[in-house]
Amino acid sequence: MTATTGLTAPPKGITAQGLRKSYGEKVVLDGIDLQVSEGTVFALLGPNGAGKTTTVQILSTLISHDDGQARIAGHDLDQEPDAVRQSIGVTGQFAAVDGLLTAEENMLLIADLLHLDRAEGKRRVAELLERFDLTDVAQKNASNFSGGMRRKLDLAMTLVGRPSIIFLDEPTTGLDPRSRRVMWDSIRDLVAAGTTIFLTTQYLEEADQLADRIAVLDGGKIVAEGTADELKRRMPGGHIRLRFNDMQHMNAAAHRLALSTVTRDDESLSLQIPSDGSIPALRAVLDVLEGSGIHAEALTVHTPDLDDVFLALTGQGRKTATTDSATAVKETQR
Ligand SMILES: Nc1ncnc2c1ncn2[C@@H]1O[C@H](COP(=O)(O)OP(=O)(O)O)[C@@H](O)[C@H]1O
Ligand SMILES: [Mg+2]
């Protein structure tokens, strides 16, 4: 019913092209492109010092960039910084919580800064304290809070202004596994309610668990971008494993599938076929079996995990990572 004007509406998520930033001689961002669809979770994954915080600071108007352009919630970063600021919320790696104030006071302060009507501000704050399980500690000074409670309060503060896009810079770094799960649940709730989330992380599992799309930042460039599954599939090492009931069927299958480099294990009566694990690849194998009346007992698909991807792309992983990300990687392996 709406007349088409020929102009497409600007995307409401985040787009960036050719973002560059240097500090003196040091090139931190060497031309990065980003695309985040509205209502999705995007993870910028990278080791310590990759430029994640710098990216968040640029996109949230906190620092300038040297080159490139970006649109956030439909607003041009350079032309309309105020409109950008009004659409976003930023939760930093180092929480903006004032320890000398109570949880409620911290929240009301934000409501005042946003010029919310007093009654409305109070209502909003009460609702958020409740939602983040902070009602019981609302009158306590935030300096007594655990790391997990501080992060929750920080996120609750970010939500006072009902931003449509939220930047979360390493939201769970330094949190114990339980608090991390609580934070993940909060993030999932936000997305379910339609919020767009741009998060940075050095935790592989975090990106895998939460993100619709992941971009890997390393050496000032985006070295890979895609869904977790797409990134995993790009890695060598994936394979399909077929298990058989008897040697005869296994031999027949090995013969039929001989074109690919099949590895056989006579003891477990199984064949291993290199594969990206995609549906067409699976179908091709199944078609061969069915076409020759070969019965396989079980089929399993093995894809490399995100850890392998990260290591291959950035050369960083368990061995060379800093203490912080080494812990992160270890935790993802449980
Ligand atoms: N204000 C600054 N002045 C000079 N160098 C900086 C500044 N901020 C960040 N850097 C450098 O930029 C690089 C990327 O930093 P950062 O964006 O904080 O990485 P990450 O958040 O991925 O750990 C690092 O080498 C860091 O030392
Ligand atoms: Mg950082």
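Predicted model: local features only at pLDDT ≥ 70, side-chain atom pairs only at ≥ 80, totals over all residues.
Colleague: Which helix or strand supplies the largest share of the shell around ligand 1?

Modeller: The residues that surround ligand 1 include Tyr23, Lys26, Val28, Lys52, Thr53 and Thr54. Two elements, β2 (26–36) and α1 (52–59), each supply at least two residues of that shell. The largest share, three residues, comes from α1.

Colleague: Which residue places a polar side-chain atom 2.8 Å from an oxygen atom of ligand 1?

Modeller: Some of the polar approaches to ligand 1 use the backbone: a backbone N or O atom of glycine 49 lies 2.7 Å from an oxygen atom of the ligand, and a polar backbone atom of lysine 52 is 2.8 Å from an oxygen atom of ligand 1. The approach through a polar side-chain atom, at 2.8 Å from an oxygen atom of ligand 1, is made by threonine 53.

Colleague: How much of the accessible area of ligand 1 does the protein cover?

Modeller: The contacts with ligand 1 include the one from the side chain of threonine 53. On its own, ligand 1 has 560 Å² of accessible area, and the share of this that the protein covers is 62%.

Colleague: Are α5 and α6 roughly parallel or roughly antiparallel to each other?

Modeller: Two packed helices are described by the angle between their axes and the distance between the axes. The axes of helix α5 (residues 147–159) and helix α6 (residues 177–192) come within 9 Å and cross at roughly 15 degrees, and α5 passes α6 in a right-handed crossing. Angles under 35 degrees count as roughly parallel, and α5 and α6 are therefore roughly parallel.

Colleague: Are α3 and α4 oblique or roughly parallel to each other?

Modeller: Helix α3 (residues 103–113) and helix α4 (residues 118–131) pack with their axes 9 Å apart, at an angle of about 135 degrees, and the crossing in which α3 passes α4 is right-handed. Roughly antiparallel would need an angle over 145 degrees, and α3 and α4 are therefore oblique.

Colleague: What is the angle at which α3 and α5 pack?

Modeller: Helix α3 passes α5 in a right-handed crossing. Their axes are 9 Å apart, and the angle is about 25 degrees, which makes α3 and α5 roughly parallel.

Terms used:
Residues numbered from 1 in each chain as written. Chains lettered and ligands numbered in written order. Heavy atoms only, no water. Near = heavy atom within 4 Å. Polar contact = N/O pair within 3.5 Å; in protein donor to acceptor, adjacent residues only side chain to side chain. Areas by Shrake-Rupley, 256 points an atom, 1.4 Å probe, with all protein chains shown as cover. Helix = DSSP H or I, 4+ residues; strand = E, 2+ residues; numbered from the N terminus. Axes fitted to C-alpha atoms, helices over the stretch in contact; angles between N-to-C directions. Parallel < 35°, antiparallel > 145°, perpendicular 65-115°, else oblique. Left-handed = near helix turned anticlockwise from the far one by under 90°.
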